[in-house]
Amino acid sequence: MSKKDVHVVPHPEGWAVKREGADRASSIHDRKADALDVGRDLARKDEVELVIHGQDGNIQDSDSYGNDPHPPRDEKH
């Protein structure tokens with residue numbers, strides 16, 4: 001079974017960390033930075049993608065922590 005990507009998404013109470021396809025959030029945070037820290041740790045642990053959404057819900061960025069056969073060429077991190 002394939003592991004699900006981790007998403008950081010806006011939530012009525014702040015920011016949520018959710019697994020792809022999950023109904024409930026894994027955790028909810030007041031600040032986006034806190035949600036990113038938790039989401040990044042989960043993505044690293046499970047070697048999956050971290051997908052970062054903006055306040056409008058659109059995808060802003062993503063980081064791969066898995067075995068990516070075609071890694072990006074950018075050097076942002």
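Tutor: Let's start with the surface: the accessible surface of the protein comes to about 5,500 Å², and 45% of that belongs to carbon and sulfur atoms. Accessible areas here come from the Shrake-Rupley method with a 1.4 Å probe, and for residues only the protein chains shown count as cover. Keep in mind that this is a predicted model, where local features need pLDDT of at least 70, side-chain atom pairs count only at pLDDT 80 or more, and totals for chains, interfaces and linings use all residues. Residues are numbered from 1 along each chain as its sequence is written, and side-chain values use heavy atoms, with hydrogens and water left out.

Student: What makes a stretch count as a helix or a strand, and how many of each are there in the protein?
Tutor: Both are DSSP runs, numbered from the N terminus: helices are H or I with at least four residues, strands are E with at least two. The protein has 1 helix and 5 strands, and along the sequence the pattern reads β-β-β-α-β-β.

Student: How do you know that the span of helix 1 agrees with its number of residues?
Tutor: The expected span is 1.5 Å times one less than the number of residues. For the 15 residues of helix 1 that should give 21 Å, and the end C-alpha atoms are 21 Å apart, so the two agree.

Student: Why is Glu 47 called exposed?
Tutor: Exposed means over 50% relative accessible area, buried means under 20%, and partly exposed is in between (1.4 Å probe, protein chains only). Glu 47 has 56% relative accessibility, so Glu 47 counts as exposed. Glu 47 lies in the loop between helix 1 and strand 4. Its phi is near 55°, a positive value in a residue other than glycine.

Student: And what is Glu 20 called, and why?
Tutor: The relative accessible area of Glu 20 is 39%, so Glu 20 is partly exposed. This residue sits in the loop between strand 2 and strand 3.

Student: Then why does Lys 3 count as exposed?
Tutor: Lys 3 has a relative accessible area of 52%, so Lys 3 is exposed. You'll find Lys 3 in the segment before strand 1. Not counting residues up to four places away in sequence, Lys 3 touches Asp 46 and Val 48, where contact means heavy atoms within 4.5 Å.

Student: What makes the pair Glu 20 and His 7 a polar contact?
Tutor: A polar contact is a pair of N or O atoms within 3.5 Å; within protein, one must be able to donate a hydrogen and the other to accept it, and residues adjacent in sequence count only if both atoms are side-chain atoms. The side chains of Glu 20 and His 7 make such a contact at 3.3 Å. Another one joins the side chains of Ser 27 and His 29, at 2.8 Å. Ser 27 lies in strand 3.

Student: Which residues does Lys 32 contact beyond its neighbours in sequence?
Tutor: Leaving aside neighbours within four places, Lys 32 is in contact with Trp 15, Ile 52, His 53, Gly 54 and Gln 60. Lys 32 belongs to helix 1, residues 32–46. A polar atom of the Lys 32 side chain lies 3.2 Å from the backbone oxygen of His 53.

Student: Which residues of helix 1 are buried, and how do you know that they sit on the same side?
Tutor: The buried ones are Ala 35, Leu 36, Gly 39, Arg 40, Ala 43 and Asp 46. They cover an arc of only 140° around the axis, which puts them on the same side of helix 1. That arc is taken from the directions from the helix axis to the C-beta atoms. Here's the general idea: an α-helix has 3.6 residues a turn, so residues three or four places apart point the same way.

Student: What makes a set of residues a nonpolar core, and which residues are in the largest one?
Tutor: A nonpolar core is a set of buried Ala, Val, Leu, Ile, Met, Phe, Trp, Tyr and Cys residues joined through side-chain atoms within 4.5 Å. The largest has 10 residues: Val 6, Val 8, Trp 15, Val 17, Ala 35, Leu 36, Ala 43, Val 48, Leu 50 and Ile 52. Its largest share, 3 residues, comes from helix 1.
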